[in-house]
Amino acid sequence: ILDHVPALIWYKDTANRLLRVNTAVARLLGLPKEQIEGRHTSEFYPEEADRYYQDDLIVIQTGEPRLGIVEPQRLPSGERRWIRTDKIPLKDAFGQVTRILVMALDITAQKEIEEALRISQDDLKRAQSVARIGSWRLDVRRDVLTWSDENYHLFGTPLGSPLSYETFLSAVHPEDRERVDQAWQAALNGEQYEIEHRVIVAGETRWFREKAELEFDDRGQLLGGFGTTQDVTERRGAAEALR
C-alpha cells in the first residue's frame, strides 16, 4: 500500500537506520529500495545526518511527534529540494520508542512559487516607493480599508493601523472633505472616481491624486473599489509657480 502513496514514507530505528522506504523515497533518492533499506541515513546525507538525528532524538526522548518540519534537503545527486516532514514515534509494549515513522512531502514547487511571489511583492513595494504611488482596496460591505505600505507612508500613518473609509476621510484636508466624499458617493452610483485633493501629513499640506475602479460580484452587487494614491505635490507646486 505504501508504494502507491505519493508522499515520502519511511521507517527508521533509534540508531537512524532505514528499515523500510516506499517507492516515492526510492524515486527521490534515485536508487532501488533494496539499496536503501538497512543502511544508515548518514550514507545518503553525510553532511547533514547529525542535524537530522538531533531532531530524531527529540522524538525518541520525549515520545512526542514532530509535525510540520519544513527545511531544505540536498539529495545525493546534489539537487536541493524543500521537504515538509512529520515524525511519529512508534513504541513497544513498555512505552519505549523503538522506531520512527516519517512522512514527508516534496514542497519544492510550492516554495518556488512562494519565493517568486515574495520577489514580486518586494519589487511592487519598491516601485511604489520610487514612484510615490500607493494602492488601496475598500470593502464597502464591511467598511474595511486596506492600504499598501506606501499608502501608509504617504498619509504618515503607522503601518498596520486599522482603517476604514472614515479614517481616510478624516485625513483629507478639512476644506476638501466634502468634495472628496461627494466624488466617492458619485462613484458608487457609476461615476468615475478620479480626484486631486489635499491632506495634512505631519503638519504639512500635500496634494494627492486618487483614482479608483469599482468591483462587483456576479449579481452586479457592489463589493468595493481598488485604487491608487499618488503624491502630486511637486507637480502642483511647479504648475502654481509657472502660473
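Lys12, Asp55, Asp56, Arg66 and Lys87 are tied together in a network of salt bridges, a salt bridge being a side-chain nitrogen of Lys or Arg within 4 Å of a carboxyl oxygen of Asp or Glu. Searching the whole structure turns up 25 salt bridges. A quick word on what we're looking at: this is a predicted model, where local features need pLDDT of at least 70, side-chain atom pairs count only at pLDDT 80 or more, and totals for chains, interfaces and linings use all residues. Residues are numbered from 1 along each chain as its sequence is written, and side-chain values use heavy atoms, with hydrogens and water left out.

| Pair | N to O distance |
|---|---|
| Asp122 and Arg118 | 2.7 Å |
| Arg198 and Asp176 | 2.9 Å |
| Arg236 and Glu196 | 2.8 Å |

Take Arg198 and Asp176, which meet through their side chains. Arg198 sits in strand β8 and Asp176 in the loop between α5 and α6, so this bridge ties together parts that are 22 residues apart in sequence. (Helices, H or I with at least four residues, and strands, E with at least two, are DSSP runs numbered from the N terminus.) Both Arg198 and Asp176 are buried, where buried means under 20% relative accessible area, exposed means over 50% and partly exposed is in between, using a 1.4 Å probe and protein chains only.

Arg236 counts as partly exposed, at 30% relative accessibility.

On to the nonpolar side of things. A nonpolar core here is a set of buried Ala, Val, Leu, Ile, Met, Phe, Trp, Tyr and Cys residues joined through side-chain atoms within 4.5 Å. The largest one has 21 residues, and those with the most contacts inside it are Trp136, Phe168, Trp184 and Tyr193. Elements giving two or more residues to this core are β6, β7, α4 (149-155), α5, α6, β8 and β9. Of these, β8 gives the most, with four residues. Apart from this core lies another, of 18 residues, including Ala24, Tyr45, Val59 and Ile83.

Val180, Trp184 and Ala187 are buried in α6. They cover an arc of only 55 degrees around the axis, which puts them on the same side of the helix; the arc is that of the directions from the helix axis to the C-beta atoms. The buried residues of α6 pack against β6 (133-139), α5 (165-171), β8 (193-201) and β9 (204-216), contact meaning heavy atoms within 4.5 Å. Just past the helix, Gly190 takes a positive phi of about 110 degrees.

Now the aromatics. Rings of Phe, Tyr and Trp (its six-membered ring) pair if their centres lie within 6.5 Å, and planes under 30 degrees apart count as stacked, over 60 as edge-to-face and the rest as tilted. By this rule there are eight aromatic pairs. Trp147 and Tyr152 make an edge-to-face pair, 5.4 Å centre to centre with 75 degrees between the planes. Trp147 is buried at 9% relative accessibility, and Tyr152 is buried at 8%. Trp184 and Tyr193 are edge-to-face too, at 5.2 Å and 85 degrees, and both are buried. One aromatic cluster takes in Trp136, Trp147, Tyr152, Phe155, Tyr165, Phe168, Trp184, Tyr193 and Phe208.

Most residues other than glycine have a negative phi. Asp143, though not a glycine, has a positive phi of about 55 degrees; Asp143 is in the loop between β6 and β7 (144-147) and is partly exposed, with a relative accessible area of 29%. Ala202 has a positive phi near 50 degrees. Ala202 is in the loop between β8 and β9, and counts as exposed at 86% relative accessibility.
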